[in-house]
Amino acid sequence: MKSMLVISDCHVGTSRTAGVTPSSAAELYMFLLDELERILNENTDKDVFINGDLFDKFTEENFTVEATLNLFIKWIKESGNLLYLCFGNHDKSAKGDKLSSFDLLANVLKFIYPDNVITFESKFTKVRDGVYVIPHCFNQFLFNAELEKALEEPITKGSKLLLHVNYLNPFSAHSDHSLTVDEEQLAALIDHGYQVLGSHEHLSRSLMLRNGTFITNPNFDVTADLLVLGNQTPSSISDCLSSGYAQKDGKKYAHVIHPDNTISRIETWDNKGNFISVDWQELDKVGQEKFIRVEGQVSQAEVEDVFSRIAKFRNKSNAFIVTNAVKVEGLTQNEEDTLDISLESIKAFDVKGEFLKLFTEEEQAVLKEVMGDDH
């Protein structure tokens, strides 16, 4: 029995609109594909378990499916190893009445390599000795039923249970297609003898159950009762951040389940040199980072200037994503992807004028003629 690499939430095919230009969105798209290929090529000595959300969308472009399919065909052909494909919430429709791009990829791979590719239905299943999985279920009721089956299974203490849900999150409880495992359910699984290995949440953390309470480890501990594995490659600014003890070291990891059922980590990404938070007045401090979070606070009178500076910077930057997290006095703003200031809210903002400033005077004259602008 070989070691098994567990990866998840690759979100291949991600197509963003906030914080990107058309060219940087395309570069981010290729970055996610390239990183998946790199991780596979660096682990040809292991079986691979995809624990949900391989693709970003339920239906992906044909090119995305074909490119991803070719990566796995190449990896299986060269390694001869097993590929386990598990559904996440992005991979199944809420009603179960349609086939996703993930379904298509899985079925083609199974047809080509029937002895190497294993897929799972939405039910509690034994993967191999000491390793079990519950793939994404269509709703919380069905998921809870599968958890009960897991508790009925006679297992060896320390057996792994792979899930793709939210963990200890009351805001997602009983919400169809955004499943959760609550404190009582987790405690029952751990008391039964499982070590729970979780995907879906993108920031890694580990928790211990002590006297009926879950305590987050200050540093990630591979022996903890609950391991939220996180994703291996960022596809957003929020993926790059730390939140308390979650992703505390700023790094992302793939995880390996060894034949003796111990777990180790393989670093796959580090936010140092790849991510920066910078004040909007200090954009000159940005180097080669690919993920940029612009911060600071301004008055409403400064909004136009701030928006203009960030827009110009974004257009000239080589970064994948430049997110505007600048706070405006007197305005309430949401997190990350919705932080970009709305043009509609800035009545005095001259969209055409700011656009033309990006070009030389000669180019502006040509553009004005094309746009039918006489002034």
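Is K46 buried or exposed? K46 counts as buried because its relative accessibility is 10%; buried means under 20% relative accessible area, exposed over 50%, and partly exposed in between, with a 1.4 Å probe and protein chains only. The structure is a predicted model, in which local features need pLDDT of at least 70 and side-chain atom pairs count only at pLDDT 80 or more, while totals for chains, interfaces and linings use all residues. Residues are numbered from 1 along each chain as its sequence is written, and side-chain values use heavy atoms, with hydrogens and water left out.

The side chain of K46 meets that of D45 in a salt bridge, at 3.1 Å from N to O. A salt bridge here is a side-chain nitrogen of Lys or Arg within 4 Å of a carboxyl oxygen of Asp or Glu, and this rule gives 13 salt bridges. Another one joins E35 and R38, whose closest N and O atoms are 2.8 Å apart. Both residues lie in helix α1 (residues 22-41), three residues apart, or about one turn of the helix. Helices (H or I, at least four residues) and strands (E, at least two) are DSSP runs, numbered from the N terminus. E35 counts as buried because its relative accessibility is 12%, whereas R38, at 25%, counts as partly exposed. E35 and R38 also belong to a network of salt bridges with E42. E201 and R205 form a further salt bridge, 2.9 Å from N to O, and both of these residues are buried.

Turning to the rings, the whole structure holds 11 aromatic pairs. Rings of Phe, Tyr and Trp (its six-membered ring) pair if their centres lie within 6.5 Å; planes under 30 degrees apart count as stacked, over 60 as edge-to-face and the rest as tilted. Y84 and F120 are stacked, 6.2 Å centre to centre with 15° between the planes. Y84 is in strand β3 (residues 83-86) and F120 in the loop between β4 (117-119) and β5 (125-128), so the pair ties together parts 36 residues apart in sequence. Y84 counts as buried at 5% relative accessibility, as does F120 at 4%.

Y132 and Y194 pair edge-to-face, at 6.1 Å centre to centre and 85° between the planes. This pair links strand β6 (residues 131-134), which holds Y132, to strand β10 (residues 194-199), which holds Y194, across 62 residues. Both tyrosines are buried.

F31, W269, F291 and F320 form one aromatic cluster. The charged end of K290 sits over the ring of F320, 5.2 Å from its centre; the criterion is NZ of Lys or CZ of Arg within 6 Å of the ring centre and within 35 degrees of the ring normal. The charged end of R265 likewise sits over the ring of F220, 3.7 Å from its centre.
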